[in-house]
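Here are some notes to read alongside the structure, written as numbered points. Please keep the model open while you go through them.

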Amino acid sequence: MSIIVQEVTRRYGEQKALDNVSFTVSTGEIVGFLGPNGAGKSTMMKIITGYIPPTTGKVLVNHIDVAENTIAVREKIGYLPEHNPLYHDMYVREYLRFISRVYRLGRNAKERIGEIIELTGLTAEQHKKIGALSKGYRQRVGLAQALIHDPEILILDEPTSGLDPNQIVEIRKLISEAGKHKTVLLSTHIMQEVEAVCDRIIIIDNGQLRADDTKEEIYSRLEKQVNTLLVEFDVAVEEKLLLTIPYVTVVRRVSDQRYLLESPALNDIRPLLFRFAVDNGYTVLSMQLREHSLEELFRQLTR
């Protein structure tokens, strides 16, 4: 077992950032760590990496208590924090040389720096100052420093922040490849990213654990709870009027005349929707039952 979080609570004064949270992450897993802003994700990552202590509870990394031996834990972890701290006056290769000395890579440092520069797509930028790089390339430098010592565990807090679509695909591939040999805990707001690379999903909200399961189990749970219907009318319809349709619990406007309607899974609202349209003089141009998405479950658990 790579990471064991046992009943962790973290207080800032009277505020509980984390409230009795427990979970485990096994070797070789890529786990998506999700939650809205302020849910406690970054706090948990800082506790796992030894940057701050929990108020109560315990974290073990490869059976090492983080509170008792923080240095030993940090040797095993590659960490990319949400606000990527870099020395902007240093050149890319110079900075990675500095990081290699921190991790005492010794005579293997030069070869490893070359490998990691190529791996993270920094070859063309390696002789530039970090401060002159775009946000996307600075993010790559942050990822390079997290990987340079070939850690057993990767803690990545918003790793694709600021990247363009092509760069996001490349970083996803890199994370997927790393996940074959490492344990990866990945925090992101991009649901497609989680669906693309993660094996398991943990969702927290207001410092409390809301879900912890495989993608398949989470989707199965969602399918048992709710139906989502995409409907387009010939004119705009007031959302509060759509909520008068029996069993409709949520209405979201997609565009001027298109809406997403949610209802309990046991209730097929399509006949009721047609009756609503006839009674009110509307024409239904299209109607489609949508496959459930992680975004819908996230919204349900954290709304």
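1. What does the accessible surface of the protein chain come to, and what percentage of it belongs to carbon and sulfur atoms? In this model, which is predicted, the accessible surface is about 15,200 Å², and carbon and sulfur atoms account for 47% of that area.

2. As for the overall build, the protein chain contains 11 helices and 14 strands, and its C-alpha trace spans about 80 × 45 × 35 Å along the principal axes. Of its 303 residues, 49% are buried. When contacts between residues at least 6 apart in sequence are considered, 68% of them join residues at least 24 apart.

3. The charged side chains comprise 38 positive and 41 negative ones, and the centres of these two sets lie 5 Å apart.

4. The largest nonpolar core has 44 residues, and the members that touch the most others are L34, Y95, L96, V141 and L156. Setting aside neighbours within four places in sequence, L96 is in contact with I113, I116, I117, A144, Q145 and I148. Another core, of 26 residues, lies apart from it and includes V5, A39, M44 and I52.

Note on methods:
Residues are numbered from 1 along each chain as its sequence is written. This is a predicted model: local features need pLDDT of at least 70, side-chain atom pairs count only at pLDDT 80 or more; totals for chains, interfaces and linings use all residues. Side-chain values use heavy atoms; hydrogens and water are left out. Helices (H or I, at least four residues) and strands (E, at least two) are DSSP runs, numbered from the N terminus. Buried means under 20% relative accessible area, exposed over 50%, partly exposed in between (1.4 Å probe, protein chains only). Contact means heavy atoms within 4.5 Å. Accessible areas come from the Shrake-Rupley method with a 1.4 Å probe; for residues, only the protein chains shown count as cover. Lys and Arg count as positive and Asp and Glu as negative; His and the chain ends are not counted. The place of a charge is taken as NZ of Lys, CZ of Arg, CG of Asp or CD of Glu. A nonpolar core is a set of buried Ala, Val, Leu, Ile, Met, Phe, Trp, Tyr and Cys residues joined through side-chain atoms within 4.5 Å.
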